[in-house]
Amino acid sequence: MKQNKKNQLSVISFQSAVFLFTFYCLLFTITSCNNVPNSPGWEYMPDMYRSPSYETNSSNPNFSDSLTDRKPVPGTISQGWIPNSEFSSLKVPYPYKNDSLGYELAGHNLKDPFPASAEIIDQGKVLYGKYCIHCHGATGQGDGAVVTVGNHPPPPAYNGAQLKNLPEGKMFHALQYGKNMMGSHASQLTVADRWKIIRFVQTLQNPGGIVAATVQMVSGMDSTKKENVVKKKI
Ligand code: HEC
């Protein structure tokens with residue numbers, strides 16, 4: 001009798017265990033589903049899959065215009081764009097392509113914004129001594145240490161037939177992209193520094209020439225003032 005009651009009890013508890021198990025399975029299945037087709041249901045650490053930040057172009061309750069994409073802060077300068085340079089009005093880093101047409105256009109259009117003043121030429125000379133002298137040589141004859149010691153082919157002399165009349169815009173273009181054996185100097189030198197070096201290179205191009213006369217003419221001026229900028233023609 002006692003044994004029977006015990007058996008009965010264990011059958012009931014087994015039945016209720018099966019019932020409870022089925023019930024929880026069903027409950028789990030039902031609650032794991034939802035009717036949003038793109039939702040995978042429950043996720044383990046959802047932040048790892050879905051960033052809590054606002055998506056580009058999505059609407060945003062934090063701003064009165066509800067746009068997530070914000071305008072740059074006034075005065076923001078895009079990378080490569082140099083304010084107060086001749087390219088700044090174009091809002092592009094450098095407008096000429098690295099091809100022969102770009103070279104010609106640069107030669108025609110680009111003018112050195114700095115005067116050929118003694119001060120600017122001196123600054124250009126210092127920079128030349130750091131970035132150019134080892135190939136082009138102190139007097140621009142193409143006899144720098146890279147050539148004399150390193151036995152590399154010499155660059156043409158600045159005052160030789162090939163470069164004597166090279167316009168400043170073409171020089172700038174060559175510094176921007178490099179030319180044949182000469183690498184680009186765009187990452188080493190700012191636009192302003194490149195123009196200063198060009199002022200010095202011109203003194204090597206035409207030693208005792210027009211540049212020297214221009215130096216005389218503007219040497220008393222403050223080269224940092226915009227109205228003193230001289231557009232020199234060679
Ligand atoms: C690694 C050596 C080397 C360095 C450094 C170098 N140059 Fe040159 N440069 C050359 C060679 C070689 C040429 C000849 C390129 C050609 O026309 O084949 C050249 C050509 C030029 C030209 C003539 C470009 C043209 O349009 O024909 C100018 C101007 C010039 N260099 C200026 C500079 C200035 C300024 C610097 C320093 C900022 C400099 N170079 C640094 C090797 C160099």
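**Ligand shell and helices**

Trainee: How do the residues of the shell around the ligand divide into nonpolar, polar and charged?

Mentor: For this count, Ala, Val, Leu, Ile, Met, Phe, Trp, Tyr, Cys and Pro are nonpolar, Asp, Glu, Lys and Arg are charged, and the others, Gly among them, are polar. On that basis the shell divides into 15 nonpolar, 4 polar and 2 charged residues.

Trainee: What pLDDT do local features need?

Mentor: Residues are numbered from 1 along each chain as its sequence is written. This is a predicted model, in which totals for chains, interfaces and linings use all residues, side-chain atom pairs count only at pLDDT 80 or more, and local features need pLDDT of at least 70.

Trainee: Which residues come nearest to the ligand?

Mentor: A residue is near the molecule if its C-beta atom, placed from the backbone, lies within 6 Å of it. Of the 21 residues around the ligand, those that come nearest are Cys 132, Cys 135, Pro 155, Asn 180 and Met 182.

Trainee: Which helix gives the largest share of the shell around the ligand?

Mentor: Helices are DSSP runs of H or I with at least four residues, strands are runs of E with at least two, and both are numbered from the N terminus; the chain has 8 helices and 0 strands. Helix H4 (133–136), helix H6 (168–177) and helix H7 (191–205) each supply at least two residues of the shell. The largest share, 4 residues, comes from H6.

Trainee: Is Cys 132 buried or exposed?

Mentor: Cys 132 is found in the loop between helix H3 (118–131) and H4. A residue is buried if 20 or more other C-beta atoms, placed from the backbone, lie within 10 Å of its own, exposed if 12 or fewer, and partly exposed in between. Because 23 other C-beta atoms lie within 10 Å of Cys 132, this residue is buried.

Trainee: And is Asn 180 buried or exposed?

Mentor: Asn 180 lies in the loop between H6 and H7, and its phi is near 45°, a positive value in a residue other than glycine. Because Asn 180 has 8 C-beta neighbours inside 10 Å, it counts as exposed.

Trainee: How many of the residues of H6 are buried?

Mentor: The buried residues of H6 include Glu 168, Met 171 and Leu 175, and the buried residues of this helix pack against H2 and H7. H6 is largely enclosed by the rest of the structure, because the number of its 10 residues that are buried is 9.

Trainee: Are H2 and H6 parallel or oblique to each other?

Mentor: The axes of helix H2 (residues 100–109) and H6 come within 6 Å and cross at roughly 135°, where axes are lines fitted to C-alpha atoms over the stretch in contact and angles run from 0 to 180 degrees between N-to-C directions. Angles under 35 degrees count as roughly parallel, over 145 as roughly antiparallel, 65 to 115 as roughly perpendicular and the rest as oblique. H2 and H6 are therefore oblique.

Trainee: Which residues of H6 make the contact with H2?

Mentor: Two residues are in contact if their C-beta atoms, placed from the backbone, lie within 7 Å. On the H2 side the contact is made by Gly 102, Tyr 103, Ala 106, Gly 107, His 108 and Asn 109, and on the H6 side by Gly 169, Lys 170, Phe 172 and His 173.
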